[in-house]
Protein chains: 2
Amino acid sequence: MGRRRPARGVVVGPGQDCAVVDAGRGRWLLTIDALVDGVHFEPAWLSPQQLGEKSFLVNASDIAAMGGQPRFCVVNLSVPPAYRERDLRAVQRGIVAAARRCGAAVVGGNLTRATALSVSIALLGTAPHRIVTRRGARPGDRVYVTGTLGDAAAAVRLLQANVAAPSAPLLRRFRRPTPRLRAGRVLAEMGIVSAMIDVSDGVVQDLGHICRESRVGAEVRTAEIPLSAAYRRLHGKDPRLALRGGEDYELLCTVPVRHVSTLQRQRARLGCPITCIGTITSGRRIGVVDDTGRALPLAARGFDHFRA
Amino acid sequence: MGRRRPARGVVVGPGQDCAVVDAGRGRWLLTIDALVDGVHFEPAWLSPQQLGEKSFLVNASDIAAMGGQPRFCVVNLSVPPAYRERDLRAVQRGIVAAARRCGAAVVGGNLTRATALSVSIALLGTAPHRIVTRRGARPGDRVYVTGTLGDAAAAVRLLQANVAAPSAPLLRRFRRPTPRLRAGRVLAEMGIVSAMIDVSDGVVQDLGHICRESRVGAEVRTAEIPLSAAYRRLHGKDPRLALRGGEDYELLCTVPVRHVSTLQRQRARLGCPITCIGTITSGRRIGVVDDTGRALPLAARGFDHFRA
């Protein structure tokens, strides 16, 4: 919302995973996100408790992308009149449970009537000493991603197709994403990442955010995209869902070449796998090449709430 | 959400106008609120810019009720696909403008598709040295309210009735509430209020929140309810809308008798009128008496989003 001179106390303003604020009492991260019935999920896909958990976890993922630690959140629940009290309590329980697992507390909330169920959560977290944004990538930096990509998108495909016994590991990835809090903190503290973002809209689109903010391009090698066994059972080595699908909630970061060996040595500290999937380039576009080096057309971008 | 032992760093948890958090770096207030199309307003009642302004101001009112200073906010906009880009920008402009007028900055946001327009804002503010909650009222304390009551509710009546030229002063109170930031800060700093809340659901209902939290009752004298000239032109001395109507965004506080003379002496510092409307009692109910001392039946409570 506007790019004029930041106001007093605003260290990092709009356009990042979190804002960074400082009023002379230490730096805090602040972020907000919402899950809306019919947009981010169908009621049959998530139990009320799972919806609550996921609503918190997607926020925590934004804190992870800035290397922070979630501490306090406030919740707005917009609820249709017909929504059952019991289900509402389950949503709340899910939020509280997920917050506690991440070391945070639900400190307040607001309940309002609405036509569709939606859960908005604002999360306040402590900031690391070194702030990492989407803005520092430089040509030559290596592009890394944690975990595996495409699992949640593959789960959504199964849910949309009403598959009788959808793959449990994929469903878990959709229902209960794992914010990479430890990895984010360690990467930020080590000072070896030049830019970082969480993968929520598909890796190509989120890499696009880093490239746009950093005024660079990137080349991604599909052969390097980390795919889970469950994903490969359904889609073989086809990386398309992993490239474009959303809701991975992994971390995507860029690492200057001089820091790559440090990352390799210290990778056990991250608590999750991390894989190099490409390189930052000086062009302004993102290219995707397959294992033969052939460029893949990027027909569709990642998930965009304002497209059909 | 739950009343178990508060988590580390939580000074004041759920159930107040704001949460108070402290992670060893000073205390912060955190609050969230939402305005939903068709619930809190009809599109014809508020221009997009006014909607943006009001969305921020109702949050700032919660900060005022805790004696704090708004500093940083994040915004979630849930927007139907058909909503015009131009109007969306106007909503954002309104939020930014209202925040700036209150000494705060919009530091981040999130945009999502939805079936109905809604604006959720989470606001972070600095806390006063003395925290005031809804919980400290004691029998004998005097009940005070800032400004005048019932204006916004009277405006909503006019809007609902499609009156051709509705009263401008009343409309202004509905469209652009005045969070009583200065009054809230001064009252908290002076240490003379035992409990405080902002009047958003009607003074009787919000006094009920103070009474429930403080385990006391209250007697309100209708003859003392401050009514604006514009209100009186339409409703004479009938206080019913002023008692039950919502969206006043005035401050309601309780003052121990020993501090009343201090309040009287210092009232000019508040930046707005303040009026004694009743007394806290040891019973657990709220009584309303008219100017002859006769009890009024409280047929309807204030505005409740989950009633028809």
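A salt bridge is taken here as a side-chain nitrogen of Lys or Arg within 4 Å of a carboxyl oxygen of Asp or Glu. The model is predicted, so local features need pLDDT of at least 70 and side-chain atom pairs count only at pLDDT 80 or more, whereas totals for chains, interfaces and linings use all residues. Residues are numbered from 1 along each chain as its sequence is written, chains are lettered from A and ligands numbered from 1 in the order in which they are written, and side-chain values use heavy atoms, with hydrogens and water left out.

**Figure 1. Salt bridges of A:Glu53 with A:Arg101 and A:Arg176.** The closest N and O atoms of A:Arg101 and A:Glu53 are 3.6 Å apart. Because A:Arg101 belongs to helix H2 (residues 85-101) of chain A and A:Glu53 to helix H1 (residues 48-65) of chain A, the pair ties together parts that are 48 residues apart in sequence. Helices (H or I, at least four residues) and strands (E, at least two) are DSSP runs, numbered from the N terminus. In the salt bridge between A:Glu53 and A:Arg176, the closest N and O atoms are 2.9 Å apart. This pair links distant parts of the chain, 123 residues apart: A:Glu53 is in helix H1 of chain A, and A:Arg176 is in the loop between helix H4 (168-175) and H5 of chain A. Relative accessible area is classed as buried under 20%, exposed over 50% and partly exposed in between (1.4 Å probe, protein chains only). A:Glu53 is buried, at 6%, whereas A:Arg101 is partly exposed, at 46%, and A:Arg176 is partly exposed, at 40%.

**Figure 2. Further salt bridges in chain A, including the pair A:Arg84 and A:Asp87.** The closest N and O atoms of this pair are 3.1 Å apart. A:Arg84 is partly exposed, with a relative accessibility of 46%, and A:Asp87 is buried, with 14%. Salt bridges also link A:Asp151, A:Arg173, A:Arg180 and A:Glu250 in a network. Over all chains, the count comes to 24 salt bridges.

**Figure 3. The open sheet of chain A, with six strands in the order S8-S10-S7-S11-S9-S12.** The pairing is mixed; two strands pair if DSSP finds at least two bridges between them. Strand S8 (195-199) and strand S12 (286-289) of chain A stand at the edges with a single partner strand each, so one side of each is left without a neighbour in the sheet. From one strand to the next, the twist averages 25 degrees. Strand S7 (residues 142-146) and strand S10 (residues 250-255) of chain A run antiparallel and are joined by four bridges. Within this pairing, A:Tyr144 stands opposite A:Cys253 in S10(A). Helix H5 (residues 181-190) of chain A packs on the sheet and touches S7, S8, S10 and strand S11 (274-281) of chain A; its direction makes about 15 degrees with that of S10(A). Helix H9 (residues 257-266) of chain A also packs on the sheet, touching S7, S10 and S11 of chain A, and its direction makes about 30 degrees with that of S7(A). Contact means heavy atoms within 4.5 Å. Axes are lines fitted to C-alpha atoms, for helices over the stretch in contact, and angles run from 0 to 180 degrees between N-to-C directions.

**Figure 4. Strand S10 (residues 250-255) of chain B, with six of its six residues buried.** The strand is therefore largely enclosed by the rest of the structure. B:Glu250, B:Leu252 and B:Thr254 point one way from S10(B), and B:Leu251, B:Cys253 and B:Val255 point the other way. In a regular strand the side chains alternate between the two faces of the sheet. Strand S7 (residues 142-146) of chain B pairs with S10(B) in the antiparallel sense over four bridges, and B:Tyr144 has B:Cys253 as its bridge partner. Strand S8 (residues 195-199) of chain B also runs antiparallel to S10(B), joined by five bridges; here B:Val199 has B:Glu250 as its bridge partner.

Figure 5. B:Ala152 counts as buried, at 1% relative accessibility. Its contacts, leaving aside neighbours within four places in sequence, are B:Arg173, B:Phe174, B:Gly246 and B:Glu247. B:Ala152 and B:Gly246 are 94 residues apart in sequence, and their C-alpha atoms are 7.1 Å apart in space.
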